[in-house]
Amino acid sequence: MPHFLSRIFCVFCALLALSGCGERASKSPAGGGILVMGDSLMAWNGTSQRAVSDVMEKHLQVEVTDRSVSAARMIYRLPVSGAAGLSIPKQLPKGHDWDWVVLNGGGNDLWLGCGCSACRRKMDRLSSRDGSTGAIPDLVQQLRSRGAKVIFTGYLRSPGRGSPIEYCKDEGEELDRRATQMAARDEGVYFLSLADLVPHGDRSFHAFDMIHPSIKGSAAIGARIAELIKTETGPDSP
């Protein structure tokens, strides 16, 4: 039954994402700028223009192109919906190179793909233990080959009160560990953990479903990402 409910939830999120999500396309075809890719961690609150990318724009005072889609996965085989954004690698626009790409993913692969249990094979397909191979490192390496610096973010943790993803904690910790290993292999790759963002017992960083970020949560994530970009580029450039 839990697996069936996960499938129903996935379909619901996919329909919501495909019907309600738009993107802000870059106005400069020549290249440069900041791109956001990923799943609902990035896309949530976008309809009210308070998603992570909106917060980044406010802090950095530059245009941010957001291609993230709720329910998207790193490993996704269906061609039509994958091309529409449910495959995170296919969110990458063609014919444009970026200064920075902010990326997340893997959570839906683990939660909806294997129910955050018996996920060792899925985890290994997302990333090897040393962070050198897998769907996530492969996408990051593709972005790096095009000259972009890459920020890969982790996920919000459950506050320990009423979240249906409480039992995914161990998988979240392991995915973070592998992402840390991946980032250590390349000075142009940064792993930004969100493990310490939510205080225990504080529900205010999550939306009503206790899965996705609230407006406060998106603001906190966007501010952290913007601060990292500012630190790595200096005060005079985005």
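Mentor: A cavity is a set of grid points where a 1.4 Å probe fits but cannot get out, while a pocket is an open set. The model is a predicted one. Searching the whole structure for cavities of 30 Å³ or more turns up 1. The largest cavity has a volume of about 30 Å³. Its lining consists of Leu92, Asp97, Trp98, Val101, Leu143, Arg146 and Ala148. By type, 5 of these lining residues are nonpolar and 2 are charged, with no polar ones.

Now the open space. The largest pocket holds about 520 Å³. Its lining is made up of 29 residues, and those nearest the centre of the pocket are Gly107, Tyr155, Leu156, Ile165 and Cys168. Two or more lining residues come from each of these elements: α1 (2–20), α2 (40–43), α5 (107–114) and α8 (169–184). The helix that gives the most is α8, with 5 residues. Sorted by type, the lining of the largest pocket has 14 nonpolar, 9 polar and 6 charged residues.

Helix α8 also has a place in the path of the chain. Strands β4 (residues 149–153) and β5 run parallel and are joined by 4 bridges. From β4 the chain passes through α8 to reach β5, a right-handed β-α-β crossover. Strand β5 (residues 189–192) is covered on both faces: Val189 and Phe191 are buried on one side, and Tyr190 and Leu192 are buried on the other.

Definitions and conventions
Residues numbered from 1 in each chain as written. Predicted model: local features only at pLDDT ≥ 70, side-chain atom pairs only at ≥ 80, totals over all residues. Heavy atoms only, no water. 1 Å grid on protein atoms, 1.4 Å probe; cavity = no way out; pocket = protein on both sides within 12 Å on 5 of 7 lines; lining within 4 Å. Points joined across faces, edges and corners; volume = space filled by probe spheres on them. Nonpolar A, V, L, I, M, F, W, Y, C, P; charged D, E, K, R; others polar. Buried < 20%, exposed > 50% of the residue type's maximum accessible area, 1.4 Å probe, protein only. Pairing = 2+ DSSP bridges. Right-handed = clockwise from strand over helix to strand, strands pointing away.
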